[in-house]
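Take a look at the protein model below. This short report goes through a few of its residues, one group at a time.

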Amino acid sequence: MTDEQHSHMLAALAEAQRAWDLGEVPVGAVVVKDGVVIARGFNQPIAGHDPTAHAEIVALRAAAQALGNYRLPGCELYVTLEPCVMCSGAMMHARLAKVVYGARDPKTGACGSVVDLFASDQLNHHTEAVGGVLEEECGNLLKAFFAHRRAAAKAARDEREKAAIVAARLAGGPAHG
């Protein structure tokens, strides 16, 4: 891992934290041109009611606006989680030079974990993919988020059960626990 990769992935991790703070799955991305971050994005499909609002797509849209071009030649995208097929397809259409990702995604990863879209000879553009940059930090953020979410769901279930028991007792009915 180069110093530049480390620095840019830290910027993507900061975006992922923004997603967490808003209740979204913590995935963040930045687009880099000539060593400079030109666009940022974080997951926002829940708040935006938009299934395409993945961190990568948000960052690609911002980069295209910043450059005034839907093509992003010479640009690199850094993202905390291995891109899915949708995001990988958008990167290819944008003619992105490289994607650098942190944690692998064994369920939807399109850079080799499930499929390797960038290695398909039938496609006319081949974005270079580099994985595993700050993999542990990126993966730990996701693991912590889902552990927190499971704990919150369990606490809510427990509260509902307690409330039902109290309500049953107050109503004079049988209390189930």
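## The annotated active site

Glu-56 sits in helix 3, which covers residues 55–67. The model is predicted. An unreviewed UniProt entry marks Glu-56 as "active site". Such annotations may be inferred rather than shown by experiment.

Is Glu-56 buried or exposed? Its relative accessible area is 4%. Buried means under 20%, so Glu-56 is buried. Neighbours up to four places away in sequence are set aside here.

## The annotated binding site

Which residues does UniProt list for "binding site"? The unreviewed entry gives His-54, Cys-84 and Cys-87. They are spread over 34 residues of sequence, yet they cluster in space. The largest C-alpha distance among them is 9.3 Å. Of these residues, His-54 and Cys-84 are included in the lining of the largest pocket.

## The two cysteines

Cys-84 is in a loop. That loop runs between strand 3 (75–81) and helix 4 (85–93). Cys-84 has 14% relative accessibility, so it counts as buried. Leaving out residues up to four places away in sequence, Cys-84 touches His-54, Glu-56, Thr-108 and Ala-110.

Cys-87 lies in helix 4. Its relative accessibility is 0%, so Cys-87 counts as buried. With neighbours within four places in sequence left aside, Cys-87 is in contact with His-54, Glu-56 and Ile-57.

## A buried glutamine

Now to helix 1. Gln-5 belongs to this helix, which spans residues 3–21. Why does Gln-5 count as buried? Because its relative accessibility is 11%, and buried means under 20%.

What does Gln-5 touch, apart from residues up to four places away in sequence? The contacts are Tyr-78, Val-100, Val-130 and Val-133.

## A nonpolar patch on the surface

Three valines form a nonpolar patch on the surface: Val-85, Val-114 and Val-115. Together they have about 220 Å² of accessible area.

Where is Val-114? It is in the loop between strand 4 (98–103) and strand 5 (128–130). Val-114 has 45% relative accessibility, so it counts as partly exposed. Exposed would mean over 50%.

Key:
Residues numbered from 1 in each chain as written. Predicted model: local features only at pLDDT ≥ 70, side-chain atom pairs only at ≥ 80, totals over all residues. Heavy atoms only, no water. Helix = DSSP H or I, 4+ residues; strand = E, 2+ residues; numbered from the N terminus. Buried < 20%, exposed > 50% of the residue type's maximum accessible area, 1.4 Å probe, protein only. Contact = heavy atoms within 4.5 Å. Patch = residues over 30% accessible without salt bridge, like charges linked within 9 Å, V, L, I, M, F, W, Y side chains within 5 Å. Areas by Shrake-Rupley, 256 points an atom, 1.4 Å probe, with all protein chains shown as cover. Salt bridge = Lys/Arg side-chain N within 4 Å of Asp/Glu carboxyl O. 1 Å grid on protein atoms, 1.4 Å probe; cavity = no way out; pocket = protein on both sides within 12 Å on 5 of 7 lines; lining within 4 Å.
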